[in-house]
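Reader: I would like to learn how to read a pocket and a helix packing in a model such as this one. Could we take them in turn?

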Amino acid sequence: MAKTRSVQLTLPWPPSVNHYWLRNRNGSIRVSAAGITFRQEVWLRCRQQRITGLTGRLCVSIDAFPPDQRRRDLDNILKATLDALQHGGVYKDDSQIDQLLIVRSPSVKDGVLRVNVESA
């Protein structure tokens with residue numbers, strides 16, 4: 001039987017997909033300054049916890065604690081979060097994810113994500 005591994009991280013509130021990408025005048029798209037800052041913070045937290053890449057098929061669950069009571073679409077924070085986890089070395093590629101769950105939780109100052117990634 002395969003051994004199950006999991007990673008738990010508490011992350012800052014990510015930029016929405018609307019603020020994660022930056023379109024240049026020539027039409028090319030790149031990660032924005034806010035996106036790069038978020039990715040660097042996730043990378044640092046992964047290093048601090050000495051997280052190594054999970055292999056195989058994955059299940060990701062996210063408890064999202066928004067920074068305020070404004071209306072927001074939870075799916076708009078997924079791209080930045082999943083890309084940052086990949087950049088941080090939690091997994092090799094987000095195509096490994098077979099199950100994805102995100103739950104809105106009560107708001108907290110500055111917002112936070114509690115992420116659990118499991119490998120079977």
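Author: For sorting residues, Ala, Val, Leu, Ile, Met, Phe, Trp, Tyr, Cys and Pro count as nonpolar, Asp, Glu, Lys and Arg as charged, and the others, Gly among them, as polar. This is a predicted model, in which local features need pLDDT of at least 70 and side-chain atom pairs count only at pLDDT 80 or more, while totals for chains, interfaces and linings use all residues. Residues are numbered from 1 along each chain as its sequence is written, and side-chain values use heavy atoms, with hydrogens and water left out.

Reader: How do the residues of the lining of the largest pocket divide?

Author: They divide into three nonpolar, two polar and four charged; among those that line this pocket are Trp 13, Arg 70, Asp 73 and Ile 77.

Reader: At what angle do helix α2 and helix α3 pack?

Author: Angles under 35 degrees count as roughly parallel, over 145 as roughly antiparallel, 65 to 115 as roughly perpendicular and the rest as oblique. Helix α2 (residues 33-48) packs with helix α3 (residues 78-87) at about 45°, their axes lying 8 Å apart, which makes α2 oblique to α3. The contact (heavy atoms within 4.5 Å) includes Phe 38 and Trp 43 of α2 and Ala 84 and Leu 85 of α3.

Notes:
Axes are lines fitted to C-alpha atoms, for helices over the stretch in contact, and angles run from 0 to 180 degrees between N-to-C directions. Helices (H or I, at least four residues) and strands (E, at least two) are DSSP runs, numbered from the N terminus. On a 1 Å grid over the protein atoms alone, a cavity is a set of points where a 1.4 Å probe fits but cannot get out, and a pocket is an open set with protein on both sides within 12 Å along at least five of seven lines; lining residues have an atom within 4 Å of a point.
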